[in-house]
Amino acid sequence: MHQEKIIKTGARFKDISLRRHHVPDRDDEKHHFAHRYENRNIPDYLTWSYNLRDDSLLFIGNRANFPGVEDYNFSTLVGRIKSCFRSQFTDAVFGFLSMVNNRPLPEGIYLCVNVPIKLKPGNDHYCKTSVVCHSRANTVTEMIFVVTPVKRNDNYNFFTEIKINGIAHADFTKLLKQHISPPDVKLTKKQHAILQALKNGKPAAEIAQTNGVGINSVYKINRKIMEKLSQFYEMEFKDAKEAAEYYFQSF
């Protein structure tokens with residue numbers, strides 16, 4: 001009953017409408033949540049049950065205008081995420097899983113990840129993805145993924161946080177972010193140091209003095225940083241400061 005309450009509280013997600021959906025027949029041991037809540041309220045959009053024991057993914061939601069999503073496996077789902085954010089998405093999901101498995105957490109806790117996902121060929125949608133864990137014998141055996149397309153993607157960034165009953169929890173979010181690695185942009189140590197300085201609002205003259213280079217060298221490094229980040233994120237930045245802010249917001 002305790003675990004059932006966690007699932008039912010987390011699955012509301014406040015802004016997701018609910019309706020009844022029939023869940024396909026499957027082995028109860030594989031997708032316990034799907035059978036336990038058969039013909040009950042399940043979120044009205046793109047919802048999957050992910051069984052951790054055999055890596056199987058079962059669609060239990062409403063595909064709406066996104067045909068083919070019912071055939072996804074977990075790798076397919078992750079592969080639909082914008083490539084620059086895939087590793088951060090999996091870091092967040094399995095970091096949350098580690099948190100749930102290794103410490104007692106409050107009822108109604110769930111993971112929220114906002115990330116661009118290609119749900120249709122040629123169309124990225126910025127999606128709110130909510131993840132709830134379901135435990136049996138004190139071990140998480142199943143994760144429920146509720147993916148809600150919010151808007152067409154327009155270079156929106158990766159964002160993640162932990163919520164409890166719909167309210168963001170800063171301490172748990174900070175703990176989660178310890179599991180998320182920085183984007184693998186292949187920056188040199190000097191480029192990363194200058195990127196950090198840009199993020200902190202340091203002027204070019206101060207950056208040059210701190211790093212022992214001329215101001216023209218700082219401008220050249222800034223252009224190189226912009227090139228790398230533009231290529232990695234598949235978008236253009238107006239200047240190096242904007243690129244730095246986008247980079248550090250993504251983890």
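A: What follows walks through the sheet strand by strand, then turns to the helices.

This is a predicted model. Its open sheet has 7 strands, in the order S4-S3-S7-S6-S5-S8-S9. The pairing is antiparallel. S4 and S9 (167-168) are the edge strands, and each pairs on one side only.

S4 covers residues 56-59. Ser56 and Leu58 sit on one side of the strand, Leu57 and Phe59 on the other. All four are buried, so both faces of S4 are covered. The strand's partner is S3 (residues 46-51), which pairs with S4 in the antiparallel sense over 4 bridges. Ser49 has Leu58 of S4 as its bridge partner. The hairpin of S3 and S4 has 4 residues between the strands. There, Asp55 takes a positive phi near 60 degrees.

Next in the order comes S7 (residues 139-152). S3 and S7 run antiparallel and are joined by 6 bridges. Tyr50 stands opposite Met143 in S7.

Now take S6 (residues 123-136), the strand that holds His125. With a relative accessibility of 9%, His125 counts as buried. What does His125 contact, leaving aside its neighbours within four places in sequence? The list includes Val115, Pro116, Ile117 and Leu119. Pro149, Lys151, Arg152 and Asn153 are also in contact with His125, as is Phe66.

H5 (residues 170-177) lies across S5, S8 and S9. The helix runs at about 135 degrees to S8. Phe172, Thr173 and Leu176 of H5 are buried. Viewed down the axis of H5, the buried residues fall within an arc of 100 degrees, so they line one face of the helix. Their cover includes helix H4 (86-102), strand S5 (109-120) and strand S8 (159-164). Ala170, Asp171 and Lys174 are exposed, on the face of H5 turned away from its buried side.

The axes of H6 (residues 189-199) and H9 (residues 240-249) come within 8 Å and cross at roughly 95 degrees. That makes H6 roughly perpendicular to H9. From H6, the contact draws on His192, Leu195, Gln196, Leu198 and Lys199. They meet Ala240, Lys241, Ala244, Tyr247 and Phe248 in H9. The residues of this contact divide into 6 nonpolar, 2 polar and 2 charged.

Terms used. Residues numbered from 1 in each chain as written. Predicted model: local features only at pLDDT ≥ 70, side-chain atom pairs only at ≥ 80, totals over all residues. Heavy atoms only, no water. Buried < 20%, exposed > 50% of the residue type's maximum accessible area, 1.4 Å probe, protein only. Helix = DSSP H or I, 4+ residues; strand = E, 2+ residues; numbered from the N terminus. Arc of directions from axis to C-beta. Contact = heavy atoms within 4.5 Å. Pairing = 2+ DSSP bridges. Axes fitted to C-alpha atoms, helices over the stretch in contact; angles between N-to-C directions. Parallel < 35°, antiparallel > 145°, perpendicular 65-115°, else oblique. Nonpolar A, V, L, I, M, F, W, Y, C, P; charged D, E, K, R; others polar.
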